[in-house]
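Let's take a friendly walk through a protein model, one neighbourhood at a time. Have a look at the structure below before reading on.

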Amino acid sequence: MQPTQYILVSLPLRIFDDDPLTGLAATVGRDNGETLPFPIPSFKIGTLDALVQHADDLAKLNAACEAAVAKVADSLKSILDGDEDKAAQQKMVNDKPTDQYLRTFQWNKVRYRADRPLGELIENLQKELQNIDNDIKGKFNQYNNIKTTLATLQRKQTGNLSTKSLTPIVDPSLLVQDSEYLETHLIAVPTNARRDFIRSYETLTPMVVPRSSIQVAQDDEFTLFAVTMFKKTSAEFLQKCREQKWTPRQYKYVEGGREEEQRELDRVAREEKKIWGEALRLGRTGWSETVMIWTHVVTLRVFVETVLRYGLPLEFVCALVKTTPKQAKKVKTALDSAYSFLGGNAFGRDKRGRVTKDDASLTSEMAAAGLGAAEGSEYTAYVYYEIDFP
């Protein structure tokens with residue numbers, strides 16, 4: 001299935017003879033995308049200086065929204081083991097598919113009263129985004145930590161003899177314990193080095209008890225040996241083992257240790273399952289919230305940029321174009337061709353009136369005045385924003 005790209009376009013009503021939405025849809029072209037009305041409330045305009053500042057703040061907030069939505073998408077995909085289809089099923093906004101939410105978008109007047117100053121609305125949206133972003137980060141960090149703990153405990157149960165828990169494997173009667181001078185060490189030796197170990201362990205260091213080596217267990221990769229020696233040479237012996245790529249294993253017999261390990265594994269498994277459910281629910285909520293916030297932020301961007309570009313009285317049409325990344329280039333070309341004259345001298349033309357490369361110095365002046373596109377994107381003669389959902 002082709003990925004979807006959304007474009008928001010705002011144009012002054014004065015340039016249309018008939019129905020503006022029909023004219024805009026004809027420019028876009030039915031084959032290039034679907035053109036839908038996108039209602040924008042009348043907000044408090046305020047001063048020109050404030051509007052320029054709002055435009056800057058909204059551009060930064062838009063980037064934060066985009067990053068937050070991408071983070072939620074990654075988190076959902078991660079918790080669902082990379083299954084894109086399952087992740088897509090969670091991407092609902094107010095229990096509706098994301099596409100339906102955008103197509104039927106209405107400004108949430110209860111949550112964001114349109115009669116409040118723009119600066120206050122921007123601040124509220126910023127706080128909400130920060131809160132949901134922190135909640136998601138915290139919950140998914142919690143989930144990743146418990147997942148790591150569970151994996152470590154499972155590896156102790158199922159790994160090879162160099163890593164797994166020795167509690168269910170080692171018979172404590174094989175070990176010298178509570179001796180003033182002697183102690184037993186457990187060494188995991190790669191099976192292909194088994195003969196080398198048997199031949200040389202007695203002479204690795206002084207004071208190894210001759211013929212004290214006992215084979216405790218074996219798996220596909222390692223053989224576990226118990227070796228007894230005097231305590232004073234233990235550290236040197238263990239170091240020599242490491243140099244030979246033999247793995248010393250820490251082990252201390254604890255009464256009931258086997259049962260305790262199983263109880264801990266079961267407890268962490270239950271906790272992991274519980275937090276997985278909480279993270280999934282929060283991921284679903286997070287998608288809904290961040291997409292809603294982002295859409296409201298873009299709506300404000302369109303409004304502010306429309307006032308800055310087209311002036312007062314405020315008479316404009318705003319439309320949502322649903323297209324694909326591939327067709328979006330054709331949409332942009334068609335819009336540039338039809339509406340570049342709105343940029344005045346910002347666009348040069350050849351003898352036939354076609355747009356040539358824009359004048360860089362004038363474009364930068366317009367950008368400095370708050371009349372440019374977002375940082376990092378090219379200047380357009382009309383209000384134009386893209387929304388890409390991951």
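## Around threonine 228

This is a predicted model. Setting aside the neighbours within four places in sequence, threonine 228 touches Val176, Leu182, Glu183, Thr184, Val208, Val209 and Ser212. You will find threonine 228 in strand β7, which covers residues 222-230.

Is threonine 228 buried or exposed? Its relative accessible area is 11%, so threonine 228 counts as buried, since the cut-off for buried is under 20%. The side chain of threonine 228 also has a polar contact of 3.1 Å with the side chain of threonine 184.

## The nonpolar cores

Now turn to the largest nonpolar core, which has 82 residues. Leu11, Phe43, Leu300, Leu335, Tyr382 and Phe389 have the most contacts inside this core. Helix α8 (residues 257-310) contributes the most to this core, with 20 residues. There is also a second, separate core of 14 residues, and Val189, Met229, Leu238 and Cys241 are among them.

Let's zoom in on phenylalanine 389. Leaving aside neighbours within four places in sequence, phenylalanine 389 is in contact with Tyr6, Val69, Thr98, Leu102, Trp287, Val291 and Trp294.

Helix α1 (residues 20-28) packs with helix α9 (residues 325-339) at an angle of about 125 degrees, and their axes lie 8 Å apart. The two helices are therefore oblique to each other.

Which residues make the contact? From α1 come Gly23, Leu24, Thr27 and Val28, while α9 brings Val331, Ala334, Leu335, Ala338 and Tyr339. Seven of the residues in this contact are nonpolar, two are polar and none are charged.

Note on methods: Residues are numbered from 1 along each chain as its sequence is written. This is a predicted model: local features need pLDDT of at least 70, side-chain atom pairs count only at pLDDT 80 or more; totals for chains, interfaces and linings use all residues. Side-chain values use heavy atoms; hydrogens and water are left out. A nonpolar core is a set of buried Ala, Val, Leu, Ile, Met, Phe, Trp, Tyr and Cys residues joined through side-chain atoms within 4.5 Å. Buried means under 20% relative accessible area, exposed over 50%, partly exposed in between (1.4 Å probe, protein chains only). Helices (H or I, at least four residues) and strands (E, at least two) are DSSP runs, numbered from the N terminus. Contact means heavy atoms within 4.5 Å. Axes are lines fitted to C-alpha atoms, for helices over the stretch in contact, and angles run from 0 to 180 degrees between N-to-C directions. Angles under 35 degrees count as roughly parallel, over 145 as roughly antiparallel, 65 to 115 as roughly perpendicular and the rest as oblique. Ala, Val, Leu, Ile, Met, Phe, Trp, Tyr, Cys and Pro count as nonpolar, Asp, Glu, Lys and Arg as charged, and the others, Gly among them, as polar. A polar contact is a pair of N or O atoms within 3.5 Å; within protein, one must be able to donate a hydrogen and the other to accept it, and residues adjacent in sequence count only if both atoms are side-chain atoms.
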